[in-house]
Amino acid sequence: MISVDESGGPAPISAGFIAALTLAYVGAFTAFVPLLTLLVPLQAQLLAPGDKIGLLSLVTLWGALIASIANMAVGWASDRTRHRFGRRRPWIAAGLAGVILAYGIIGRASSPTGLILGVTLFQLAFNMMFAPLTVILADRVPDSRKGRVAAFLGLGAPLGAASGLLITAPILPDLAARMVVLGAMVIACVIPFLLTYREPPVGVSPARRSWAPPKLSTDFGLAWLSRFCLQIAASVVNAYMLFYLADHARYAEQFPGSTVESGLARLITLSTLLVLASGFLGGLASDRLNRRKMFILLAALLMAGGLTVFAVWPAWPGPVVGYCLYGVGFGLYTTVDAALVAQVLPSRQDAARDLGIMNLTNTLPTVLAPLLALIALGPDRQSWPQLMGAAAVVALLGGLAVLGVRRVR
């Protein structure tokens with residue numbers, strides 16, 4: 001079993017703990033990245049071929065609203081949970097079961113309403129699993145090792161994205177088969193952590209916990225704003241790259257016989273190698289140098305550069321260059337930002353609640369990104385340079401915002 005200090009503070013962390021937590025992160029990102037970037041857009045295109053962007057934006061909007069509420073509510077509840085299996089594990093297990101159920105509903109959706117219902121259930125269940133999982137870094141890892149552990153956890157996003165290559169393989173001819181494989185991968189990744197992580201009993205009674213609103217610091221607010229802006233840019237890429245490649249880069253015309261979804265999966269896989277390298281090395285370097293902000297600023301510049309390439313160079317190999325720049329920046333940002341945020345949380349006892357507030361930077365951008373897309377793309381849904389340029393500006397603002405944080409260098 002992976003044990004922790006009975007005093008409730010961070011205990012020495014083992015290689016087994018890091019491995020199990022990293023695998024669970026891979027499972028979490030596998031749960032949503034290929035689903036929301038590939039499978040749901042394909043379903044939207046199938047169910048509403050006349051307005052696929054409109055349906056995808058509506059699905060994304062409702063899903064993000066549910067995710068925002070669920071993440072904060074589950075974070076607050078897990079802080080106050082008193083169970084023999086701990087504060088976090090019961091919620092992670094329940095969320096995992098709900099994710100598998102949601103996959104079945106999405107796979108069987110035969111109407112836009114069915115797709116919306118499936119995705120909103122998925123967002124509810126996923127955040128039930130993910131909210132308590134993300135707080136483990138703040139719960140159990142000392143500040144001096146947060147960058148190192150975050151470097152391993154940062155493998156979750158690129159490996160989860162790379163799973164899209166398997167999901168779109170020709171051996172999986174339909175959505176139902178893809179959903180089964182996706183569910184099996186998620187279960188295989190998350191179950192080992194549930195079986196090995198042991199939390200000590202929490203001695204504070206729920207009745208004695210403060211019910212006052214959280215007192216958040218300026219540093220927390222600036223870290224929130226920085227992540228919020230960078231996540232808006234990331235949400236544009238995650239939600240709309242399939243349609244960008246199809247409608248603006250004209251992928252099918254440039255590569256006859258190849259599907260757009262397989263092209264996107266290959267681009268994601270290529271950038272994954274860069275995400276892995278930049279995220280891992282960035283996490284280690286930020287620990288060694290005891291600096292986080294300069295790495296996040298660099299990440300924002302790289303992400304903005306990639307988005308600018310998407311805006312001005314749609315012909316091949318422009319999307320490759322853009323995705324590589326974006327991937328390096330995204331990997332660096334996700335790893336170092338996770339360490340920085342864990343250091344500016346106002347309260348250890350209410351870490352999941354505060355991370356729930358921070359998680360609004362992941363969910364609100366998925367509400368705003370569709371609105372930004374609908375406005376920037378125009379009534380004909382074709383003004384892609386305008387959308388990508390706007391996302392680049394927002395990414396730069398995110399990099400500048402983190403410079404105001406004072407508690408962390």
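User: Which share of the contacts with a separation of 6 or more in the protein chain comes from residues 24 or more positions apart?

Analyst: A contact can be read by how far apart its two partners stand in the sequence. In this predicted model, residues 24 or more positions apart account for 82% of the contacts in the protein chain with a separation of 6 or more.

User: How many helices and strands does the protein chain have?

Analyst: The secondary structure elements are counted along the chain. Here the protein chain has 16 helices and zero strands.

User: What percentage of the residues in the protein chain is buried, and what is the accessible surface?

Analyst: Burial is judged residue by residue, whereas the surface is a total. Of the 409 residues in the protein chain, 57% are buried. The accessible surface of the protein chain comes to about 15800 Å², and 69% of that area belongs to carbon and sulfur atoms.

User: How should I read the packing of two helices, taking α9 and α11 as the case?

Analyst: One considers the angle, the distance between axes and the residues that meet. Helix α9 spans residues 218–247, and helix α11 covers residues 260–289. The two pack at an angle of about 120 degrees, and their axes are 9 Å apart. Because angles of 65 to 115 degrees count as roughly perpendicular and those over 145 as roughly antiparallel, α9 and α11 are oblique to each other. Their crossing is right-handed.

User: Which residues meet where α9 and α11 touch?

Analyst: From α9 come M241, L242, L245 and A246, which meet V260, E261, L264 and L267 of α11. The residues of this contact divide into seven nonpolar, no polar and one charged.

User: Is D247 buried or exposed?

Analyst: The relative accessibility of a residue is compared with a cut-off. D247 has 16% relative accessibility, and it counts as buried because the limit is under 20%. D247 lies in helix α9. Leaving aside residues up to four places away in sequence, D247 touches K52, Q382 and W384.

User: Where is A102 found, and which residues does A102 touch?

Analyst: A residue may be described by its element, its burial and its partners. A102 is found in helix α3, residues 89–108. With a relative accessible area of 0%, A102 is buried. Not counting residues up to four places away in sequence, A102 touches G118, L121 and F122.

Definitions and conventions:
Residues numbered from 1 in each chain as written. Predicted model: local features only at pLDDT ≥ 70, side-chain atom pairs only at ≥ 80, totals over all residues. Heavy atoms only, no water. Helix = DSSP H or I, 4+ residues; strand = E, 2+ residues; numbered from the N terminus. Buried < 20%, exposed > 50% of the residue type's maximum accessible area, 1.4 Å probe, protein only. Contact = heavy atoms within 4.5 Å. Areas by Shrake-Rupley, 256 points an atom, 1.4 Å probe, with all protein chains shown as cover. Axes fitted to C-alpha atoms, helices over the stretch in contact; angles between N-to-C directions. Parallel < 35°, antiparallel > 145°, perpendicular 65-115°, else oblique. Left-handed = near helix turned anticlockwise from the far one by under 90°. Nonpolar A, V, L, I, M, F, W, Y, C, P; charged D, E, K, R; others polar.
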